[in-house]
Amino acid sequence: MLTNQENELLCRVDGDAPMGQLMRRHWTPVCLIEEVSEPDGAPVKARVFGEDLVVFRDTEGRVGVMDEYCPHRRVSLVYGRNEDCGLRCLYHGWKMDVAGNVIEMVSEPAASSMAQKVKHKAYQTKEWGGMVWAYMGPQDAIPEFTPPAWAPTAKTRVSIAKALLPCNWAQILEGAIDSAHSSSLHSSDFVPARVGGAEANSKNWLRPSTDKAPRLVVESTEYGFRYAALRRPIFNANTHDYIRSTVFVAPATVLIPPNNLYNVANVNVPMDDENTAFYFIAWGDPNTTPETETWRKFLGQQVGVDLDERYRPLRNHENRFWQDRASMTAGNFTGIKGFPNQDIAMWVTMGPIANRSDERLGASDVAIVEFRKRMLDALKDFENGSTAVGTGEFAIPSSVCAYQAVVPKETDWRAYQARYVWGDAQELKEPQVETNYQISQ
């Protein structure tokens, strides 16, 4: 349970809010590459940390992320002309390049030097792992982009389902790190089975346990924390535990225990205090990781079927998330199709910002408690001049990963030699990052 003041500190990101300022010290996903795949294509609106942005790919293929509103009279550039290596405002024809330079002012006299005196806000960008990233922190101290744990190499297949949700980022993230809920909320899709470990097929995920009350053990780290949910396995329950170990990478990423074919992650980007861009990711070996559309269909997150063209869910509180009560009577636990749609129904019905002062937490909420404590402590350290959690010397080591396994009870889950799911379990090479991106000054 948090006080109202602590809840405000944890959740709010707009403007000068301390949590938003901490998050700005990280490279942040702004949109999917697929949204701006075409040079001179339609600009895209994005919103991050309460800031309205326009994203576009110019004639030469460079991606720009800028303040949405023209520096002249503050009209939206989302409606602008994307042409000849710049974005032109429809109102008076001012044109900006991806770095925010005003390269034309057709409404001003030809002899005017005004264009050289105006600079539009633009952020440095990087394309990686299917996303367009921007660094929205201090522009005089931009750190080198480091690949996220869920896209360690350019050869990694990354399939992403995106949904824009009307609720705060923290309640979404708490759902991702809550292992206990999967045994109830996802019980019709994450099915107990006589298997040696978590497995995936085209319809379900399978796991070797019927235990709905896991024992949780947490290890705090400099990058966030990791924890183990220990359950009784179907086989050898007297001598073995079924471990699902989840990793929280501050400030807003969760590495979820994998299945036998691919790894899973969740990234939550605050659009503002009450809206979040939710990304649910399958990643790994291209031979075993589903392609994007296959992944979205499996999740019930297809654009044009489950989402509108701007990634907003068609299922919502008003239409009861398309819950099928007849299927519930027939045995389906939730009557809601798709892992994330079941989660979304829970997150959204908490309200725009969950009231954590009215909760009654139990033993299964250890990871939730740790998340809140870890982030509030990290915020206090940051405001006292420390490096932002998850950055610099506090970045997650490349050897850390989520895992699931059935192991002898005497096994220390912290020391278990886990590796990402990748083909025949070969080691991944250290990422080699190209640095051919532009810096906006």
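This is a predicted model: local features need pLDDT of at least 70, side-chain atom pairs count only at pLDDT 80 or more; totals for chains, interfaces and linings use all residues.
**Asp58.** I started with Asp58, which counts as buried because its relative accessibility is 0%. Where does Asp58 lie? I found Asp58 in the loop between β3 (51-57) and β4 (63-67). Next I looked at what the side chain of Asp58 reaches, and it is the backbone nitrogen of Glu60, at 2.9 Å. Then I listed what Asp58 touches, leaving out residues up to four places away in sequence: Pro39, Asp40, Asn82, Cys85, Gly86 and Val98.

**The two domains.** I zoomed out. The protein splits into domain 1 (26-135) and domain 2 (157-408). Taken over C-alpha atoms, the centres of domain 1 and domain 2 are 34 Å apart. How many residues of domain 1 are in contact with domain 2? I got 16 residues of domain 1, in contact with 18 residues of domain 2. Together domain 1 and domain 2 bury about 1,200 Å² between them, and carbon and sulfur atoms give 62% of that area. Three names to remember here are His26, Leu32 and Arg47: they supply 41% of the area that domain 1 buries against domain 2, more than any other three residues.

**Polar links between the domains.** I looked up the charged pairs next. Between domain 1 and domain 2 the count is 3 salt bridges. I also checked the salt bridge between the side chains of Arg296 and Glu34, which has an N to O distance of 3.0 Å. For polar contacts, the count between domain 1 and domain 2 is 8 residue pairs. β1 gives the most, with 5 residues. Sorted by class, the side of domain 1 that touches domain 2 has 7 nonpolar, 5 polar and 4 charged residues.

**Arg88 and its partners.** A reminder to myself: side chains of opposite charge can pair when their charged atoms come close. Searching the whole structure turned up 29 salt bridges. One of them joins the side chains of Glu83 and Arg88, at 2.8 Å from N to O. Are Glu83 and Arg88 buried or exposed? Both are buried. Arg88 also forms a salt bridge with Glu104, where the closest N and O atoms are 3.0 Å apart. That pair links distant parts of the chain, since Glu104 sits in strand β8 (residues 102-105) and Arg88 in strand β6 (residues 86-88), 16 residues apart. Why does Glu104 count as partly exposed? Its relative accessibility is 30%, so Glu104 falls in that class, whereas Arg88, at 13%, counts as buried.

**Out past β22.** Last stop was Arg414, in the segment after β22 (403-408). I noted a relative accessible area of 35%, so Arg414 is partly exposed. Not counting residues up to four places away in sequence, Arg414 touches Val217, Val218, Glu219 and Arg226. I also looked at Arg414 and Arg194: they are 220 residues apart along the chain, and their C-alpha atoms are separated by 26 Å. The side chain of Arg414 meets that of Asp412 in a salt bridge, 3.4 Å from N to O. Asp412 is partly exposed too, with a relative accessible area of 38%.

Terms used:
Residues are numbered from 1 along each chain as its sequence is written. Side-chain values use heavy atoms; hydrogens and water are left out. Helices (H or I, at least four residues) and strands (E, at least two) are DSSP runs, numbered from the N terminus. Buried means under 20% relative accessible area, exposed over 50%, partly exposed in between (1.4 Å probe, protein chains only). A polar contact is a pair of N or O atoms within 3.5 Å; within protein, one must be able to donate a hydrogen and the other to accept it, and residues adjacent in sequence count only if both atoms are side-chain atoms. Contact means heavy atoms within 4.5 Å. Domain bounds come from an automatic or database domain assignment. Buried area is the accessible area (1.4 Å probe) that two parts lose on being put together, summed over both. A salt bridge is a side-chain nitrogen of Lys or Arg within 4 Å of a carboxyl oxygen of Asp or Glu. Ala, Val, Leu, Ile, Met, Phe, Trp, Tyr, Cys and Pro count as nonpolar, Asp, Glu, Lys and Arg as charged, and the others, Gly among them, as polar.
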